[in-house]
Amino acid sequence: MNVSDTELNTAEQQMITGSLREGEELLWAAPSLNSTPQTAPLPFWKRLFSKKRAPLPHAAHPQERCVYAITSKRVLVFDPQTPMREWFLMLGMIQQFSLQDNGCGDIVLDYELAPDGTRRLLGLFNIADAQRVHDLLSSAIGAAYSASPWSV
């Protein structure tokens with residue numbers, strides 16, 4: 001993992017800054033470490049007479065990557081293939097947390113149901129220093145809850 005893999009470029013920084021609302025503070029922002037296109041198997045005849053594997057048509061280009069941000073009020077996900085997603089900070093929003101041996105991990109916040117009944121997980125995936133981000137998000141959730149009028 002290179003340092004450049006975890007830094008945001010100018011366009012990504014502007015995208016995040018433009019999404020902030022009045023009174024909102026940016027706590028953390030980083031890209032997903034997964035910048036390599038996924039591959040899918042080709043049909044038998046194409047495998048026989050051409051390449052063994054080809055990139056999926058919807059795979060992101062390396063310059064188009066998922067960018068994640070945690071603010072004092074929301075979690076933002078900028079995926080080049082879907083509109084921006086946001087979740088307001090609230091108790092119980094972290095559905096699942098997984099940590100790999102190399103320090104990378106996933107924080108699942110929600111899921112959406114596909115027409116065939118399968119669940120597609122939504123959240124922060126393949127992030128560097130996942131434990132630190134999880135702790136930061138947990139403390140931001142606690143602070144947001146303490147600041148809310150119904151927490152009295």
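Here are some questions and answers about the predicted model shown above.

The model is predicted, so local features need pLDDT of at least 70 and side-chain atom pairs count only at pLDDT 80 or more, while totals for chains, interfaces and linings use all residues. Residues are numbered from 1 along each chain as its sequence is written, and side-chain values use heavy atoms, with hydrogens and water left out.

Q: In what order do the elements of the protein run from the N terminus on?
A: Helices (H or I, at least four residues) and strands (E, at least two) are DSSP runs, numbered from the N terminus. The protein comes to 3 helices and 9 strands. Their order is α-β-β-α-β-β-β-β-β-β-β-α.

Q: What percentage of the residues in the protein is buried?
A: A residue is buried under 20% relative accessible area, exposed over 50%, and partly exposed in between (1.4 Å probe, protein chains only). The protein has 152 residues, and the buried part of them is 28%.

Q: E24 forms a salt bridge with which residue?
A: Side chains of opposite charge can pair when their charged atoms come close. A salt bridge here is a side-chain nitrogen of Lys or Arg within 4 Å of a carboxyl oxygen of Asp or Glu, and the count by this rule comes to 7. For E24, the closest N and O atoms of the pair are 2.8 Å apart, and the partner is R74.

Q: How many residues apart are E24 and R74?
A: E24 sits in the loop between α1 (10-19) and β1 (26-31), while R74 is in strand β5, so the pair links distant parts of the chain. Both ends count as buried, E24 at 10% relative accessibility and R74 at 1%. They also belong to a network of salt bridges with R21 and E86.

Q: Why does the salt bridge of E112 and R85 tie together separate parts of the sequence, and how many residues apart are they?
A: The two side chains meet at 3.3 Å, N to O. E112 lies in strand β8 and R85 in strand β6, so the pair joins parts of the chain that are 27 residues apart.

Q: The side chain of D106 reaches the backbone nitrogen of which residue?
A: D106 is found in strand β8 (residues 105-113). It is buried yet has no salt bridge, and the nearest side chain of opposite charge, R120, is 13 Å away (Lys and Arg count as positive and Asp and Glu as negative; His and the chain ends are not counted). Its side chain does reach a backbone nitrogen at 2.7 Å, that of N126.

Q: What is the phi of N126?
A: N126 is found in strand β9 (residues 119-127) and counts as partly exposed at 23% relative accessibility. Most residues other than glycine have a negative phi. N126 is not a glycine, yet its phi is positive, at about 55°.

Q: What is the phi of D129?
A: D129 is found in the loop between β9 and α3. It is partly exposed, with a relative accessible area of 41%. Its phi is a positive value in a residue other than glycine, near 50°.

Q: Which helix gives the most to the lining of the second largest pocket?
A: A pocket is found on a 1 Å grid over the protein atoms alone: it is an open set of points where a 1.4 Å probe fits, with protein on both sides within 12 Å along at least five of seven lines, and lining residues have an atom within 4 Å of a point. The second largest pocket has a volume of about 240 Å³. Of its 13 lining residues, the closest to its centre are L89, A144, Y145, S148 and W150. The top helix, with 4 residues, is α3 (residues 130-147).

Q: The side chain of S148 reaches the backbone oxygen of which residue?
A: S148 is placed in the segment after α3. It is buried, with a relative accessible area of 9%. Its side chain reaches a backbone oxygen at 2.6 Å, that of Y145.

Conventions. Points joined across faces, edges and corners; volume = space filled by probe spheres on them. Polar contact = N/O pair within 3.5 Å; in protein donor to acceptor, adjacent residues only side chain to side chain.
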